[in-house]
Amino acid sequence: MKVLVAVKRVVDSNVKVQVRSDRNSVDLSNVKMSINPFDEIAIEEAVRLKEKGLATEVIAVSAGVVQAQETLRTALAIGADRAILIESNEELQPLAVAKMLKAIIDKERPELVILGKQAIDDDANQTGQMLAALAALPQATFASRITIEEGRATVVREVDGGAETLSLSLPAVITTDLRLNEPRYVTLPNIMKAKKKPLETIKPEDLGVDVTPRLKTLKVAEPAARSAGVKVGDVKTLVEKLRAEARVI
């Protein structure tokens, strides 16, 4: 079974981003970048499937600037076998990424496609669903457990009311949630091995995909500062204050 995993280069989750002076985007100069945490979980799950003998090859795919090679090398260090970079300096939006991944699926013919449920930079949560629709594949989102057996995937997914269990025929698209696994620590020997693994670079035009942005960002602003809280001495005083502000009837 061949597994395809999409990964994205994003601002590291520990970095506090600043809005640029023109208010069109955030300032990425000299900012630490890393693999999207949900995509790291997706890579880990694919590698675990290979270690169980359920997968024969894990392919990591990323779309973006040339520096995304570093993100793919991280995926290779976790355990992916090879990587593909769709290099573009355009602002890549979910539909364009889904179309490029669809073209990669047509070429590689994987039995399973795993993506993070969303990227922490735009929180769009759209690419996986769009990809499943374009490729006409069954999908399961927000997966917290994946079991592969006899050509089917059983996925436990998180929903508002608890958990839902789905059975999908393969090939299929699955997006991962935080509870699926704990990604392994990448060791130095594996980082060195990753440098020798194949990494192919292609362009969107090679896939016949137009990545011209369809959406335009009009303004980016930092969240409004929150007012300071009020500390009260007991529950009675708290209830009185809430009633006074008409928050409790």
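Which residue follows H4, and is its phi positive or negative? That residue is Ala136, with a positive phi near 55°.

This is a predicted model, where local features need pLDDT of at least 70, side-chain atom pairs count only at pLDDT 80 or more, and totals for chains, interfaces and linings use all residues. Residues are numbered from 1 along each chain as its sequence is written, and side-chain values use heavy atoms, with hydrogens and water left out.

**View 1. Strand E1 and its two parallel partners, E4 and E6.** Strands (E, at least two residues) and helices (H or I, at least four) are DSSP runs, numbered from the N terminus. Four of the five residues of E1 (residues 2-6) are buried, so the rest of the structure largely encloses this strand. Buried here means under 20% relative accessible area, with a 1.4 Å probe and protein chains only. Pairing takes at least two DSSP bridges between two strands. E1 has five bridges to E4 (residues 57-64), where Ala6 sits opposite Val61. Another four link E1 to E6 (residues 112-116), and there Leu4 has Val113 as its bridge partner.

View 2. Gly128, Leu131, Ala132 and Ala135 are buried in H4 (residues 127-135). The buried residues of H4 pack against H3 (94-108), E6, E7 (139-149) and E10 (172-176).

**View 3. Around Ile114.** Leaving out residues up to four places away in sequence, Ile114 touches Val3, Val5, Ala42 and Ile174, among others. Contact means heavy atoms within 4.5 Å.

How values were computed: Buried means under 20% relative accessible area, exposed over 50%, partly exposed in between (1.4 Å probe, protein chains only).
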